[in-house]
Amino acid sequence: MIQQNRMYGTLLNPIYEGCDMNDLCVATYLIACHRDEDVVVKMNSIGIEQTTGSWVDVPAETDEVRAKYASKVIGIYEVPAYENRTDLVNAIGPDGYRWFVVRIGFPVANIENNLPLLIGSISGNIMSMPNLKLLDIDFPEKFIKDFQGPKFGLKGIRKMLNAYDRPLLNNMIKPCTGYTPDVGANLFFEAAAGGVDIIKDDELIGGNRSFNRLADRVKMNMDAAHRAEDIKHEKTLYACNITDEASRLKANAMTVIENGGNCVMVDVHGVGYTAVRMLAEDPDITVPILGHSCFNGAFTSSPYQGMSSKVVTKICRIMGCDIYLTQPPYGKFDNTFDNYIENMITAKAKMYDIKPMLPFVGGGVVPGLVPKFMEDAGNDILLGVGAGIHAHPMGPRAGAKAFRETIDACMNDIPLDKAAQNGSKELQVAIEKWGIYGAGHSKDLYAL
């Protein structure tokens, strides 16, 4: 008797309603196929490659094994959705591509409580294929329950700063690297005294440097934070960059804590996702973690390859980042608006019992952009400002003051042009130099 091709059977191709979705991490992919390629076989081959099988059947891969541990293709959606063969042939030449959004479920039993294995399973060997991009992962509660997530999260950061309703202000010490601790501490003090809530090291200076030792940096910057507190009567968090070899991460974090530091920062993709989890779930690490996204674009920016930044944002939240940086569509980078909004939502929306992260935007932020950021993201946002504070013609304290005055104006529904007319010299100078988003020279500020 002729046997049905197993690639077409319901064992590997159940419908959504036939699955226990709490047992599956569901990956959504964008995939291209040649016009006459067997799409169902290709999608099942992709899933099997990442679970129980290989390029050819092996005897021990039985139906019993497949039922429990093989991938399940639960949705194949062509875009546009051709159903008529004549339409397909007329629209797409013999060498042309058909594009599909595909949903493949991976059994939780294969990967439970093991994020590196999740990455290997859902975005492993198949990422070598052309025209395949991971768009999203739907995590069931059964998988998420093993992860703590952010120790503080958005609400915890607000509580530490005693700032509950307005956008928060961040500053990156500039220059990025190559300075001594005393130079950094002077810049830190001026920005903090002007009203900055969180000051972080740049992603390019981490751990111990010969010209800037970690313990010295923490001591001097925290002394600056305390002196600024006497002026502004507000607390300042210092996100000290501890990025280093994984074997040195905890020691670096403890150096920060033992020297009075109140926040740490890591370059997430440099140290690895699971290293972030190690820090976040360690009871000795009693301060928040700011995750920097540098290198993210290497595997998210292609429209046809890699993974989406939404997936990265989800993973960083699950791993325990309290704050995570995303690029907005304004300023010096070229993110799309919808992608930026999706990342904001992903950072803050309910995810079982995982705390929301504080979303952090940076890259050419100036006071004239603040109303737009608040319109996009509300008040639960951290405004990441580097040169917009340190390059203010009146100095970094004035630059910080201009931002805080802008935030206050927006909180009180005062148009920024009117706030500048009636406000401080610091704000007037910032608006004259950088403009207001959507008007005048603000569109032509950035060289990148």
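A: Happy to! A word on terms to start with: the domain bounds used here come from an automatic or database domain assignment. The model itself is predicted. In the protein chain, domain 1 covers 6-145 and domain 2 covers 152-435. Taken over C-alpha atoms, their centres are 38 Å apart. Domain 1 brings 22 residues to the contact, and domain 2 brings 19 residues.

How much area goes into this meeting place? The size of an interface is often given as the accessible area lost when the parts come together.

Now for the polar side of the story. Between the two domains there are 14 residue pairs in polar contact, counting pairs with both residues at pLDDT 80 or more. The elements giving two or more residues to the side of domain 1 that touches domain 2 are α5 (115-122), β4 (132-138) and α6 (141-144). Of these, β4 supplies the largest share, seven residues. Sorted by class, that side of domain 1 has 15 nonpolar, three polar and four charged residues.

Charged groups also pair up here: the count between domain 1 and domain 2 is two salt bridges. Elsewhere in your view, you can find the side chains of lysine 314 and aspartate 136 meeting in a salt bridge, at 3.0 Å from N to O.

How values were computed
Residues are numbered from 1 along each chain as its sequence is written. This is a predicted model: local features need pLDDT of at least 70, side-chain atom pairs count only at pLDDT 80 or more; totals for chains, interfaces and linings use all residues. Side-chain values use heavy atoms; hydrogens and water are left out. Contact means heavy atoms within 4.5 Å. A salt bridge is a side-chain nitrogen of Lys or Arg within 4 Å of a carboxyl oxygen of Asp or Glu. A polar contact is a pair of N or O atoms within 3.5 Å; within protein, one must be able to donate a hydrogen and the other to accept it, and residues adjacent in sequence count only if both atoms are side-chain atoms. Helices (H or I, at least four residues) and strands (E, at least two) are DSSP runs, numbered from the N terminus. Ala, Val, Leu, Ile, Met, Phe, Trp, Tyr, Cys and Pro count as nonpolar, Asp, Glu, Lys and Arg as charged, and the others, Gly among them, as polar.
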